[in-house]
Amino acid sequence: MGQRFRFFCCGCGANAADGDMEVDDESECGGSKGGEEVGTRQLSWAQVERMTGGFTSAVVGEGGFSTVYLARLSGALAAVKVHRSSERIHRVFRQELETLLRIRHPHIVRLLGFCEQQDEGVLVLEFAANGNLYEKLHGGGKAAGAMPWAWRVSVALQVAQALEYLHERCEPQVVHGDVKASNVLLDASMSAKLCDFGSARMGFSAAVRPRSRFYL
């Protein structure tokens, strides 16, 4: 997707703690939508504006397709991903939204809410406090590249578990289409969260469909 997001806690994120940037009134939600997980909330554009302080809260990620703001939803930190306004990017937004509404796994970033009232589609995602895997392995600073091998193996296993869920337990299967270190977020406990489903596709093509299953 050509995007790299940094989801992390920082001092400037304190703005998101202001009461006028928090949405926690369930009665204001737009109601459920067919097929979505319980707990995923359809938000109004006014709620999105309030959560982000009119889009003045801390920017924790930015790419060619979207900007990500730090906010709060029901008292918890959240990442508000606001897509650019264009027909092509709206298709990417719809693809990611429809995919995330269908899936739930501990090592896949969780969709908390969404808004479709404007051309700029909005996804509200769980906040990953420790950035992404690429930065931990290759970014600047003393910590870069110094992660223990036991942790690296654990993260690799967690990503593999997320992919096994998408490929074997979803019907139809989900092909992520853009698995890379910068699309693996790390939460507060340094667990992996696969993200960015804008390139996802439903079902295997004949060229990539597995011929058999192998188990370790």
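Reply: Gladly, and burial comes first: buried means under 20% relative accessible area, exposed over 50%, and partly exposed in between, with a 1.4 Å probe and protein chains only. This is a predicted model, where local features need pLDDT of at least 70 and side-chain atom pairs count only at pLDDT 80 or more, while totals for chains, interfaces and linings use all residues. Residues are numbered from 1 along each chain as its sequence is written, and side-chain values use heavy atoms, with hydrogens and water left out.

Me: Is cysteine 115 buried or exposed?

Reply: Cysteine 115 counts as buried because its relative accessibility is 0%. Cysteine 170 is buried too, at a relative accessible area of 7%. Across the protein, 46% of the 216 residues are buried.

Me: How many disulfides does a search of the whole structure find?

Reply: A disulfide is a covalent bond between the sulfur atoms of two cysteines. The test used here asks for a pair of cysteine sulfur atoms within 2.5 Å, and the search of the whole structure returns zero.

Me: How many helices and strands are there in the protein?

Reply: Helices (H or I, at least four residues) and strands (E, at least two) are DSSP runs, numbered from the N terminus. By that count the protein has four helices and eleven strands.

Me: Which residues of H4 are buried?

Reply: They are Trp151, Val155, Gln158, Val159, Ala162, Tyr165 and Leu166. Seen down the helix axis, the buried residues of H4 fall within an arc of 110 degrees, so they line one face; the arc is that of the directions from the axis to the C-beta atoms. On the face turned away from that side, H4 carries the exposed residues Trp149, Ala150, Val153, Leu157 and Arg169.

Me: What covers the buried residues of H4?

Reply: Contact means heavy atoms within 4.5 Å. The cover includes helices H2 (87-102) and H3 (133-138), along with strands S8 (174-175), S9 (184-186) and S10 (192-194). Leaving aside neighbours within four places in sequence, histidine 107 touches Gln158, Gln161, Ala162, Ser191, Ala192, Lys193 and Leu194. Histidine 107 is itself buried, with a relative accessible area of 12%.

Me: Which residues is threonine 99 in contact with, leaving aside its neighbours within four places in sequence?

Reply: Threonine 99 lies in helix H2 and is in contact with Val174, Phe197, Ala200 and Met202. At 0% relative accessibility, threonine 99 counts as buried.

Me: Now strands: what pairs with S7?

Reply: Two strands pair if DSSP finds at least two bridges between them. Strand S5 (residues 76-83) pairs with S7 in the antiparallel sense over five bridges, and valine 80 has valine 124 in S7 as its bridge partner. Strand S6 (residues 111-115) also runs antiparallel to S7, joined by four bridges, with leucine 111 opposite leucine 125. S6 and S7 form a hairpin with six residues between them.

Me: Why is S7 largely enclosed by the rest of the structure?

Reply: Five of the five residues of S7 (residues 122-126) are buried, so the strand is largely enclosed.
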